[in-house]
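Biologist: Could you walk me through this model, please? I'd like to start with the overall fold and then look at one helix in detail.

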Protein chains: 2
Amino acid sequence: MKLCLNQATAMPYGLEETIRASAAAGIEHIGVWVEPVQEAGPAAVRRWLNDSGLTATSMSRVGFLTNKRGVELSAAYDAVRSALEMCAELSIPTLSFVAGGLPEHDRSIRNAEGRVRDAFETLLPDIVSSGVQVMLEPIHPLFVNDRSIITTVGQALRVIDGLPAEQVGVLVDSWATFWDPEFEDSVARAGSQGRLSGYQINDFKLPLPAPNNMQSRLQPGDGVIDLVAMTRTMLEAGYTGPIEVEIFNDDIWAQPLDVILRQTVEAYDRVIVQNLVR
Amino acid sequence: MKLCLNQATAMPYGLEETIRASAAAGIEHIGVWVEPVQEAGPAAVRRWLNDSGLTATSMSRVGFLTNKRGVELSAAYDAVRSALEMCAELSIPTLSFVAGGLPEHDRSIRNAEGRVRDAFETLLPDIVSSGVQVMLEPIHPLFVNDRSIITTVGQALRVIDGLPAEQVGVLVDSWATFWDPEFEDSVARAGSQGRLSGYQINDFKLPLPAPNNMQSRLQPGDGVIDLVAMTRTMLEAGYTGPIEVEIFNDDIWAQPLDVILRQTVEAYDRVIVQNLVR
């Protein structure tokens, strides 16, 4: 098991700075975001990674297309292709994909699932030629209308059923899925299909803050999620990739970068390493 | 289809007052809560109902026992028995049951499902002799840890599988379940089993307010839920009972009782009656 810092956990800081500080904090893997890589250019990011010794193991995120049509939908498809190219240039093996919410004119989740399926089928040649695995990510049901009509691992598997597993997998996020009564069964099925492509941890506690209900993810161990049991389920299902810590939280972001990274390493050590060392 | 006012929609007002004002507003059915009935005594409540011509069609709510043990669990069982008796005395056909959250010492949802099942099996003789149908109510995944480990209609059906449908059914609440990708299939299955016992409507919109994320239910039509499609699904699955409007919302509660009731009747008419008249 290896800790990966998702860049979102240190969102206010620049990518170069985050890469350098992560290496100094003993972190060996990073999950980068599309926009900062685009802004700096893949060549610069490759240099930063090489200089630091860090490996980029995932890129976040594309998609958000179930509520789009026409030129907006074409732009979303192009954004996927562009991210795939950046992943290929940086040898990043996985790219996360968030489905998108429901348009006002058609609130049928099943219809929206069809649009996700269409997107994967249309983009499959680009995905294949990039060598990248795209990870469909279920998001918490709270955001079904504006972020993701995909809310469970089982639903994600249904939507990508039959597509080649090497190219299309599932990203499991603890905050998004810990409530799911079918979690164990769905993760086992994903594992048996070779679709367990990524795993992000963070913690959940009520109440969620307003007005941005999403900015409430906590460091592992600071909330109510049984991360030991979840991680065990992932490992038993055959997951062998890095464990990404991905947190959205204004209070955490308000801290100095090195403090955020130290807390992340400590939380990972306390919750994951100390309970799951084999 | 008949509108039923769940008492929670006018929570700050007394039961007698709410019954009288509901009748004046042209509402014919009410869903009462356990505590006010207990406080006034069933005899007084029966008199109020008779005087007004209102019919009580449901009682809310018992359960909250998955995180309890010992004397606390016994007290929760006794509360169910007491509520069943009150329902029987008032000829109220249905009683809603909320599972409860996860105890800190055991965060396994499957184990907690077993405790819900145990409760229904233990209480079945009391349920049978009361003649009341107990409705297991899925609650939004947001509250899986502190309110209900049951978050989907499909999960509720699994937990009560094999128990007699006349005694044990499911209560479908729109705010709690509209996100569920298996909603249509699960509701159809519930209908075919004769377990569609109750239906509550209200509406959902982000952001949820803090610190009480639950106090954010809106009048039907004021949020993002496709209540016409949901209601059609319920009707097609064979649901013939009343449609309860149940809202928790501090802003709505701050209004005079007659305003709340008028808004409720208008919202029901606009969203349900005008779109689903046969």
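Biologist: What radius of gyration does chain A have?

Modeller: Keep in mind that this is a predicted model. For 278 residues, a compact globule would come out near 19 Å, and the value for chain A agrees with that. Along the principal axes, the C-alpha atoms fill a box of roughly 45 × 45 × 40 Å. The radius of gyration of chain A is 18 Å.

Biologist: Thanks! Among contacts in chain A between residues at least 6 apart in sequence, what percentage join residues at least 24 apart?

Modeller: Chain A has eleven helices and eight strands, and 49% of its 278 residues count as buried. For contacts between residues at least 6 apart in sequence, the share joining residues at least 24 apart is 81%.

Biologist: Now to helix 5 of chain A: how far apart are its end C-alpha atoms?

Modeller: Helix 5 covers residues 109-130, which is 22 residues. At 1.5 Å a residue it should therefore span 32 Å, and the model agrees with this: the end C-alpha atoms are 30 Å apart.

Biologist: Where in helix 5 of chain A does the kink lie?

Modeller: Look shortly before the proline A:P125. The kink there is about 55 degrees, and it lies at A:L124.

How values were computed:
Residues are numbered from 1 along each chain as its sequence is written. Chains are lettered from A and ligands numbered from 1 in the order in which they are written. This is a predicted model: local features need pLDDT of at least 70, side-chain atom pairs count only at pLDDT 80 or more; totals for chains, interfaces and linings use all residues. Helices (H or I, at least four residues) and strands (E, at least two) are DSSP runs, numbered from the N terminus. The expected span of a helix is 1.5 Å times one less than its number of residues. The bend at a residue is the angle between axes fitted to the seven residues ending there and the seven starting there. The radius of gyration is taken over C-alpha atoms; the globule rule is 2.2 Å times the number of residues to the power 0.38. A residue is buried if 20 or more other C-beta atoms lie within 10 Å of its own, exposed if 12 or fewer, and partly exposed in between; C-beta atoms are placed from the backbone. Two residues are in contact if their C-beta atoms, placed from the backbone, lie within 7 Å.
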